[in-house]
Amino acid sequence: MDRRGFIKNASLAAVGGLLTVSPFGEIVASDIDKTEDIYNKTKKNMKVLLINGSARRNGNTFIALTEAANTLQQLGIETEIAQIGVRAVRGCIACNQCMIHSLGKCVFDDDVCNEIIDKMSDADALIIGSPVYYGQPNGSVLSLMQRMFYSAGSKVRNKPAAAVCVCRRGGATAAFQTLNMPFQMMNMPVVTSQYWNIVYGTSEGEASLDIEGLQTMRTLATNMAWLLNKIHADGNPDYPKYERQKPMNFIR
Ligand SMILES: Cc1cc2nc3c(=O)[nH]c(=O)nc-3n(C[C@H](O)[C@H](O)[C@H](O)COP(=O)(O)O)c2cc1C
C-alpha cells in the first residue's frame, strides 16, 4: 500500500475510533476501552452541545465536531450537534431589550439564535466549531455568539467550553482566539487539548485525513469529560459563588 493509501485507511479507522496515533506518529490500538472505566462513575446524564457554525452541514467542521462527540459518547456523555445552517443569522443591534426585560433570550426570534439558546440551557458544556474565513470565525458564528452570550449569559456561566477551528491552510489561531474571548467573560472554564483545537481540510470530507487534528478532537473530548465528571462528582454541579459584579465604564 502506498503512503497516501495508508494515511487514508488509518484516518478512516481513526474516525471509527479503532485506532489512535502516538505522539511519535505511529498508529497504536485505542486506549478508549480502558479510559471508559474511569468515567463509569458519572452521576447524572451530562450533555455537551456542539454547535456547527458552518453552512456545510456535513463539511469539515462537522467532521471535527463528530470526532469529539463520538469520544464524549464513549465516555458516557450525551451529545447534540446543533447546525447553524444556511439561513441568515442577524447581528446584535444593541437594542438591550433582552437586558431591560430580562428575557434570557434575544428579542428577535426569527432565526436560529433562540433555538440554540434553549439547547445551550439544557447542556452542561459547550463546543463551538467554526470554519476559518479570512483568519476569523465566519460571520454567522460571530453573530450567533454575540447575541446568545449577551442575552443568555447566565445560562452558560461555569459550563466548560471549547472552540474548534477548521481551515484550509492558515488563520486558525486568530479565529481560535476570537472564539475563545466570550468564554473568558462568562466564567466558562476553557477546556484544552494536546494542541490548539484546529483541524485542516478544504473540500468537504478532507478533514477526515487530518490524523493529528482528529486526535486533538478526541483529547479535547477526553479532557471535557474529565472536567465534567469532576464538576458533577456529587450529582449537583459544584460551581463557585461570586461577589456582586462591580461594572465600571471608562467614561467620566
Ligand atoms: C469565504 C471563505 C474564506 C475562507 N478563508 C480561509 C482562510 O482565511 N484560511 C483558510 O485556511 N481557509 C479559508 N477558507 C477555507 C475554509 O476554512 C475550509 O474550506 C474549511 O474546511 C471549511 O469548513 P466547512 O467544510 O466546515 O465549511 C475560506 C473559505 C471561505 C468560503
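A residue is called buried here if 20 or more other C-beta atoms lie within 10 Å of its own, exposed if 12 or fewer, and partly exposed in between, with C-beta atoms placed from the backbone. The model is predicted, so local features need pLDDT of at least 70 and side-chain atom pairs count only at pLDDT 80 or more, while totals for chains, interfaces and linings use all residues. Residues are numbered from 1 along each chain as its sequence is written.

**Whole chain**

Show the protein as a cartoon. There are eight helices and eight strands; helices (H or I, at least four residues) and strands (E, at least two) are DSSP runs, numbered from the N terminus. Of the 252 residues in the protein, 39% are buried. Two residues are in contact if their C-beta atoms, placed from the backbone, lie within 7 Å. Among contacts between residues at least 6 apart in sequence, 75% join residues at least 24 apart.

Colour the shell by class: Ala, Val, Leu, Ile, Met, Phe, Trp, Tyr, Cys and Pro count as nonpolar, Asp, Glu, Lys and Arg as charged, and the others, Gly among them, as polar.

Two packed helices are described by the angle between their axes and the distance between the axes. Axes here are lines fitted to C-alpha atoms, for helices over the stretch in contact, and angles run from 0 to 180 degrees between N-to-C directions.

On the α3 side, the contact is made by A64, E67, A68, T71 and L72. The α8 side supplies G213, L214, M217, R218, L220, A221, T222, M224 and A225. By class, this contact of α3 with α8 has nine nonpolar, three polar and two charged residues.

**α5 against α6**

Next select helix α5 (residues 113–122) and helix α6 (residues 139–152), whose axes come within 10 Å and cross at roughly 55°. These two helices are therefore also oblique to each other. From α5, C113, I116, I117 and M120 meet L144, R147, M148 and A152 of α6. The residues of this contact divide into seven nonpolar, no polar and one charged.

Stop at A152 in helix α6. A152 counts as buried because 21 C-beta neighbours lie inside 10 Å. Leaving aside neighbours within four places in sequence, A152 is in contact with G104, K105 and I117. Draw a distance from A152 to C106: these residues are 46 apart in sequence and 7.8 Å apart in space, C-alpha to C-alpha.

D124 lies in the loop between α5 and β5. Is D124 buried or exposed? With 20 C-beta neighbours inside 10 Å, D124 counts as buried. Beyond neighbours within four places in sequence, its contacts are M46, K47, V48, K159 and L228. The C-alpha atoms of D124 and V156 are 8.2 Å apart, although 32 residues separate the two along the chain.

**α7**

In helix α7 (residues 172–185), the buried residues are A172, A175, F176, L179, P182 and F183. They pack against β5, β6 (136–137), α6, β7 and β8 (198–200).

**Positive phi**

Most residues other than glycine have a negative phi, and most peptide bonds are trans. Just after α7, N187 has a positive phi of about 55°.

Go on to A94, in the loop between β4 (78–83) and α4 (97–100). A94 is not a glycine, yet takes a positive phi of about 55°. With 9 other C-beta atoms within 10 Å, A94 is exposed.

End at Y134, in the loop between β5 and β6. Its phi is positive, about 50°, although Y134 is not a glycine. Y134 counts as exposed, with 8 C-beta neighbours inside 10 Å.

Note on methods:
Angles under 35 degrees count as roughly parallel, over 145 as roughly antiparallel, 65 to 115 as roughly perpendicular and the rest as oblique.
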